[in-house]
Amino acid sequence: MLITSVEAIPLRAELSQPFRFGNIVRTRSQNVLVKITTDTGATGWGEACPVPQLTAETQASVTALVNGEVRQAFVGQDARARHALLAAVNRVHLGIHFTMAALDTALLDVVAQGHGMAVSDLLGGRVREQVEVHGSVGWDEDPQAVARTAQAYAEEFTWLKLYAGKGTLDADLRSIEAAREAVGAEHPFLLDINGLWTVTDVVRAGPRLREAGVQLIEQPVHPADPLGNATATRILLGEHGIDVAADESIRDPADVAAVARAGAASVINVGMSKMGGITPALAAAQVAAAHGLPVMVGGVVELGVANAAGLQLAAVLPALAAPSYLMGPLKYAEQVTSPVIAPQESRLRVPTGPGLGVTVDEDALGRLRLDAH
Ligand SMILES: [Mg+2]
């Protein structure tokens, strides 16, 4: 199965409305699709969704690297040699997680397509056909706006994800409390701080978070502060029964061991994009299991190719500690894959077709692609 072409396609991808979280307001996204074709006629797709706050990659850097060095290194090689191909890129380029995620996904997709099997089957088989997801409410300084959005999402999702850390502590807590009042008691909350709180904030917030039904907090303290996160975990889990997930502090499988040694979390977020693909995400999940830490599947609001990869990953993980962050495509103004994800009772069916189980819509691609072709 020899690779005959590698192509990066930058997209003009816009969100249907601004999405606020952490210190970020996102209105458009820098997605790049990667297409790998082989001499058997099989085609595989991957997606890079670079987030400037996580790596120095941009749409232009991903596109240039894939259409230049990667194409030169991959064409003529066997697509089945995924580990060797990825290692060749990683040896000379560090910290290009989003590019690597696209390459890992496209290689898995093309090989699975070639065998007529789903990526999850290539990875050893699924343990679940459906993945629970949560509604992502986002952040707003107006508690009533948060409450309204939470109420709308509560019609479709059981678990709701809220954000804090950007506003003052009291204002953010009032938003969470307003959301709780709006949705009633039946919707557990995830709360993402994106590393913006101090340990003092955690101490002060703890009782109100427990009262507001927050079940899990992502990255309470800056990822470069394992001691702070360890203290936060002792307080939140020990005193309030609230799990703490390491997100920004987990970028490589080795990070899981460091977080485990420091006691800096009780759950590990193994997002496919931020880790550089399904392959390192699975390795990270194994390190987590070896340390007795459960995992959850995160995301960075990707389009349909990366999201499908996230679903294939979630399908093969033995146990998931919380609902997955895999509704990214719904935040975009236009889709690039079919079928479009459609949560039912907070669950997404893992596609059963070959490869990722989604088809890239060539018409949509023609409208969205930024490069001349
Ligand atoms: Mg997070």
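## Strand β11 and A245

A245 lies in strand β11; strands here are DSSP runs of E with at least two residues, helices are runs of H or I with at least four, and both are numbered from the N terminus. This is a predicted model, in which local features need pLDDT of at least 70, side-chain atom pairs count only at pLDDT 80 or more, and totals for chains, interfaces and linings use all residues. Residues are numbered from 1 along each chain as its sequence is written, and side-chain values use heavy atoms, with hydrogens and water left out.

A245 is buried, at a relative accessible area of 0%. Buried means under 20% relative accessible area, exposed over 50%, and partly exposed in between, with a 1.4 Å probe and protein chains only. Leaving aside neighbours within four places in sequence, A245 is in contact with L216, I217, E218, Q219, A265, V267 and M296. Contact means heavy atoms within 4.5 Å. The C-alpha atoms of A245 and Q219 are separated by 6.0 Å, with the two residues 26 apart along the chain.

## Magnesium site

D192 (OD), E218 (OE) and D247 (OD) coordinate the magnesium ion at 2.1 to 2.2 Å. Along the chain, the donors follow the spacing D-x25-E-x28-D.

Donors are N, O and S atoms within 2.8 Å of the metal (3.2 Å for Na, K and Ca); water is not among the atoms, so sites may look incomplete.

S175 is found in helix α6 (residues 169–183). S175 is buried, with a relative accessible area of 4%. Not counting residues up to four places away in sequence, S175 touches D140, D142, P143 and V146.

The whole structure holds one cavity of 30 Å³ or more. A cavity is a set of points, on a 1 Å grid over the protein atoms alone, where a 1.4 Å probe fits but cannot get out; lining residues have an atom within 4 Å of a point. The largest cavity has a volume of about 50 Å³, the space filled by probe spheres set on the points, which are joined across faces, edges and corners. S175 is one of the lining residues, which also include D140, V146 and D172. β8 (160–163) and α6 are the elements that give two or more residues to this lining. α6 gives the most, with three residues.

Definitions and conventions. On a 1 Å grid over the protein atoms alone, a cavity is a set of points where a 1.4 Å probe fits but cannot get out, and a pocket is an open set with protein on both sides within 12 Å along at least five of seven lines; lining residues have an atom within 4 Å of a point.
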